Amino acid sequence: MKNNILSVRFILKLTISFLAILLLAGIGYTITSIYLSNKYFYETTQRLHANLAQDLIDEKFKDTHPFDSTGTVNKALFGDIMHDMMAVNRAIEVYLLDKDGNVLYSVVLDHDAPETKQKKVNLAPIKQFINEKGSNYVLGDDPKDVSKQTIFSAAQFNKDGHEGYVYIILAGEDFLATRSDLFNSYFMRLGLGGSLLTLVFATLLGILAIWYLTRSLRKIIYAAKRFQQGDLQYRIENAEKTDLANVASTYNSMADTILSDIEKIKSVEQLRQELIANISHDLRTPLSVIQGYIETLHMKDAELSAEERGEYLKIISRSSERLSKLISQLFEYSKLEANQIQPEKEPFLISELANDIHGNYSILAEQKNIDLKLSMDTNVPLVFADISLVERAIQNLMDNALKFTPEGGEVIVKIKTDDDHVEITIKDSGPGIQKDNQALIFERYRQTKAGKEKEGTGLGLAIVKKIMEIHDSSITVLSKPNEGTSFSFSLPVYSVN
């Protein structure tokens, strides 16, 4: 229910946003249309009446002078001109300018009023208009309000020493006022009607568009809901083909990752339970032995011979050593697994370490009648690693090899060198490992059994694997049943560069 509410809210927000965008776009479109319509009207009017001023000069000034004998403007002439012009087009206003742009006369201005005596028009647009012969759109000053620009027609005259310009405003003040009133009314009708129609159609189209565009989102929401309800295998079909391909593919990948993590958690939990059970068993066995023999010593101390007492103490000692070794390995493995041990790498001679380990294990090998050999290349270079951890790894492999090699067998330690690495191999002649079990022997408490006397903690190889991992290396195993087993790992050659 909550997901549905969130989905409705999201779609509602999309709809409102979509309508707001359309409304703003509609207002912008309307304003732009009005501006372009006005410009189109003015440009068309100016183009249509571009030669009006020149035609007036050619027709009216041909036989009649614009100034009388005293140099005063011929007001009767301009009165006739305005009468004729107004009869044709009431929108225009005619002005007579001198060569500097001063307004000499116009029937629409009261030149007796003091504020109108200094009326002056900028000549730059007029000269541009005349030079271009009215072929381009040019705005000029409105003599009634020089702060405004308007369309015009202009022509220059020079008659009997009088120079100036006939300046005709093509959209006069009265015309603009009338047009403004009508246009505002038209705009209101257009705006309201257009807005209502736009909102209606935009709402319908918006709902359909949002429903269509959010279908992929609904699929993702549905998949998430199924996943939440426990259907961990449900995925979005053809995720890469949906409109939200990246989101859908990411969701599927996330679901796969979560499912994988859940399986890993289950596996870890199972291993934890197995670990607790195995630790309990391994701890219980030596503790039971120690406890049993100590109780026997207490109960039958007087009845036991010195030899029996000594044998019991040896058994107690071996069991305590086994218990101590188990606890030590558990502590060591837990620190490695928790990344609490960081390697302190340094250059050292692996050949010297191999010789020391060979010497230490020679006595044990002789006691078990095992031939322990050491084979090394000449001039083995320095390696760069943590010497104590590498020693621990080799010792675990040696313990494993001597434990599973029968009497009369052999264990070989090989050191080989290539350009960048030194490879260390411990090979035994034991019973070997089945291929199916080779991938399991490096896991904690996973070991192959070869009789009761070969049982151990199952942590030795797991510790070796962890040591190799923190050295950015790996441990490999080669084995066949009844042909022995070899474990190998490599360390980088030390370079001074």
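In what order do the 5 strands of the open sheet lie, and what is the pairing?

## Basis of the model

This is a predicted model, in which local features need pLDDT of at least 70 and side-chain atom pairs count only at pLDDT 80 or more, while totals for chains, interfaces and linings use all residues. Residues are numbered from 1 along each chain as its sequence is written, and side-chain values use heavy atoms, with hydrogens and water left out.

## The open sheet

The order of the 5 strands is S7-S9-S10-S12-S11, and the pairing is mixed. Strands are DSSP runs of E with at least two residues, helices are runs of H or I with at least four, and both are numbered from the N terminus; two strands pair if DSSP finds at least two bridges between them. Strand S7 (371–376) and strand S11 (476–479) are the edge strands, each pairing on one side only. From one strand to the next, the twist averages 15° (angles run from 0 to 180 degrees between N-to-C directions, and axes are lines fitted to C-alpha atoms, for helices over the stretch in contact).

S11 pairs with strand S12 (residues 485–492) in the antiparallel sense over 4 bridges. Leu478 has Ser486 in S12 as its bridge partner. Helix H9 (residues 350–367) packs on the sheet and touches S7, strand S9 (410–417), strand S10 (421–428) and S12; contact means heavy atoms within 4.5 Å. The direction of H9 makes about 170° with that of S7.

## Packing of H9 and H10

The axes of H9 and helix H10 (residues 387–404) come within 11 Å and cross at roughly 35°. The contact divides into 11 nonpolar, 1 polar and 2 charged residues (Ala, Val, Leu, Ile, Met, Phe, Trp, Tyr, Cys and Pro count as nonpolar, Asp, Glu, Lys and Arg as charged, and the others, Gly among them, as polar).

## Packing of H8 and H11

Helix H8 (residues 306–337) and helix H11 (residues 460–470) pack with their axes 10 Å apart, at an angle of about 30°. H8 and H11 are therefore roughly parallel to each other (under 35 degrees; over 145 counts as roughly antiparallel, 65 to 115 as roughly perpendicular and the rest as oblique). The crossing of H8 and H11 is left-handed.

How values were computed. A crossing is left-handed if the near helix is turned anticlockwise from the far one by less than a right angle, and right-handed if clockwise.
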